Amino acid sequence: MSAQKSIPTTCVTSGRTARAGAHTHTANPPIYQASTILFDNMTALREAQKSYGSGREAYTYGRLGTPTSFALTDALCELEGGYSAFLAPSGLAAISTALLSQLSSGQHLLMVDTVYGPVRKFCDEFLVRMGVQTTYYPVRLGLDIQDWIQTNTALVYLESPGSLSFEIQDTAAICAAAKAKGVTTMMDNTWATPLFFKPFEHGVDIIVHALTKYIGGHSDLMMGAVVCNEHSHPSVRNAMHQTGQFSGSGDISLALRGLRTLSVRMKAHEASALKIAQWFSQQSEVAQVLHPALSSHPQHELWQRDFRGSSGLFGVLFHEKYSEEALTQMVESYKMFGIGFSWGGFESLALPTFGHLKPTRDHATHTLPMIRYQIGLEDIDDLLCDLSDGLKSLSMK
Ligand SMILES: *Cc1c(COP(=O)(O)O)cnc(C)c1O
């Protein structure tokens, strides 16, 4: 037996060693509602200020950290194996600020074509105004991404599996190519969570998370985080602090609560989603199931090489003969599946994504009508029964 903690154990224990002895007798940190931090005298204030930049700062001002927020950022650091972590009021705020931390006017960003849609909009509209040019590279590039790196390329951004496409990237190859040219890499690890993929082990420099999804886990929280290695810490810290990114203490407490049960929830999401994905792949109405843990997935071998598990979100492509109207009716007939954006909560969701890929992707690989499923924590037999009834009604159309 190794003395090293497993990730499920780390989910429970991390961030619970109270920094500066701020709390010692409760299992969870108190919700510190703080703007002002009081000092005994000016010497103490100056000492606290001196710790700025150390990565383990003393408490100086609410926005720069409280025992509640340090409990979460310490936990995220330990889970990802990072040097420091910062919170933002949403996943998108964390991502946009992390991008700003690495890019200056005149520089170039290599962005994966299958990136989460709102990030694409940020690149195309906001970064353009800042004089940063974005090129969308095909999700399947590996080492050959080196041919896409320009002299002014400052950052390569990855997200694996890709939003809505569920294609897996060769993270190690992309990071090796970027590193060889001195280019920083950033990755969105929301789908896998720190349980199932460890970006730093594959060469990534900066990890971004929508804690809104699995880590929050209960569909009642918006939050994002940036986790960095030592090299990227100063630039990320400056951007997060200078743009005033932080999160409210009550929300941070919800994220910590979610984190404690992350590993049992993920195992349940994984098991049910896998069974349902396998079931879908045997149905005649279905053209293809986009789930990287299925052997039929085009990058299944990459997924097997790199990932420790799969989460509860995947796509199902239906044959062309089924109209958008018929598929919409099927989704509306579900009793167990809600219709809504987001995912990662306890409840199952179904979201038709007809035509979302083609017009927004430079290198789209599939065009059939798709429904994205988030498999929640309901009983699997109830879910299968609902899905089966839905397909029966579709076939009768
Ligand atoms: C939802 C999501 C985000 C954004 O998170 P918000 O908290 O909704 O801003 C970023 N990346 C991925 C992959 C997501 O699914």
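Which residues surround the ligand? I began with this question, keeping in mind that the model I am reading is a predicted one.

**Entry 1, the shell.** I listed the residues that surround the ligand and found Ser-90, Gly-91, Leu-92, Ile-95, Tyr-116, Glu-159, Asp-188, Ala-210, Thr-212, Lys-213, Met-222 and Trp-343. When I sorted this shell by class, I counted six nonpolar, three polar and three charged residues. I then looked up which element gives the most to the shell, and it is helix α4, spanning residues 91–102, which supplies three residues.

I next looked at distances between the ligand and individual side chains. A nitrogen atom of the ligand lies 2.7 Å from an N or O atom in the side chain of Asp-188, while an oxygen atom of the ligand is 2.6 Å from a polar side-chain atom of Lys-213. For Trp-343, I noted 3.3 Å between an N or O atom of its side chain and an oxygen atom of the ligand. I also noted that the ligand on its own has 380 Å² of accessible area, of which the protein covers 92%. As for where the ligand sits, I found it in the largest pocket.

Note on methods
Residues numbered from 1 in each chain as written. Predicted model: local features only at pLDDT ≥ 70, side-chain atom pairs only at ≥ 80, totals over all residues. Heavy atoms only, no water. Near = heavy atom within 4 Å. Polar contact = N/O pair within 3.5 Å; in protein donor to acceptor, adjacent residues only side chain to side chain. Areas by Shrake-Rupley, 256 points an atom, 1.4 Å probe, with all protein chains shown as cover. 1 Å grid on protein atoms, 1.4 Å probe; cavity = no way out; pocket = protein on both sides within 12 Å on 5 of 7 lines; lining within 4 Å. Sits in = over half its atoms within 2 Å of the grid points. Helix = DSSP H or I, 4+ residues; strand = E, 2+ residues; numbered from the N terminus. Nonpolar A, V, L, I, M, F, W, Y, C, P; charged D, E, K, R; others polar.
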